Amino acid sequence: MKNAQCKKCLNKFYEKDIYTIQQFQYRKEPTYDWSLKFFKKMGIDEWDSFCDECIMSYSEKSNNAWKNTKI
Ligand SMILES: [Zn+2]
């Protein structure tokens, strides 16, 4: 049953395919601490569920924002 819902696109998907921003703690850059603050500003916390596509898009967005803070 597809009983998980993505907070961003609102699509339903399988629970085993849930992604959260917690996976960003494995990125070298930006730091996880920075990522948490970045997503908090967007109203996203560590327990929000996202689908594969949306977490990728957030990954990219945060990467770009991180780069911009360093210019
Ligand atoms: Zn989604």
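This is a short walk through one predicted model, from its overall layout to a few single residues.

I'll start with confidence. The chain has an average pLDDT of 95, and 99% of its residues score at least 70. By element, the mean is lowest in β2, at 94, and highest in α1, at 97.

Now the layout. The chain has 2 strands and 2 helices. Reading from the N terminus, the order is β-β-α-α. The C-alpha trace spans about 45 × 20 × 15 Å along its principal axes. There are 71 residues in the chain, and 14% of them count as buried. On contacts: taking those between residues at least 6 apart in sequence, 69% join residues at least 24 apart.

Next, the inside. Which residues make up the largest nonpolar core? There are 8 of them: C6, Y19, I21, F24, F50, C51, I55 and Y58. As background, nonpolar side chains in soluble globular proteins tend to be buried together. Take I21 from that core as an example.

The buried residues in α2 are I55, Y58 and S62. Why do they sit on the same side of the helix? Because the arc they cover around the axis is only 55°. What do these buried residues pack against? Their partner is α1, residues 32-41. Turn to the other side of α2 and you find exposed residues: D52, M56, E60, N64, K67 and N68.

Now the loops. Between β1, residues 4-5, and β2, residues 12-13, there is a loop that holds K7. K7 counts as partly exposed, because it has 15 C-beta neighbours inside 10 Å, and a residue needs 20 or more to be buried. Setting aside neighbours within four places in sequence, K7 is in contact with D48, S49 and F50. K7 and C54 are 47 residues apart along the chain, and their C-alpha atoms are separated by 9.0 Å.

L10 lies in the loop between β1 and β2 as well. Is L10 buried or exposed? It is exposed, since 9 other C-beta atoms lie within 10 Å and the limit for exposed is 12 or fewer. L10 is not a glycine, yet its phi is positive, at about 70°.

The loop between β2 and α1 has its own entry of this kind, P30. The peptide bond from E29 to P30 is cis, and its omega is near -10°. For context, most residues other than glycine have a negative phi, and most peptide bonds are trans.

Q23 is also placed in the loop between β2 and α1. Q23 is partly exposed, with 13 other C-beta atoms within 10 Å. How far apart are the C-alpha atoms of Q23 and I55? They are separated by 9.3 Å, while the two residues are 32 apart along the chain.

Conventions:
Residues numbered from 1 in each chain as written. Predicted model: local features only at pLDDT ≥ 70, side-chain atom pairs only at ≥ 80, totals over all residues. Helix = DSSP H or I, 4+ residues; strand = E, 2+ residues; numbered from the N terminus. Contact = placed C-beta atoms within 7 Å. Core = buried A, V, L, I, M, F, W, Y, C linked by C-beta atoms within 7 Å. Arc of directions from axis to C-beta. pLDDT = per-residue confidence, 0-100.
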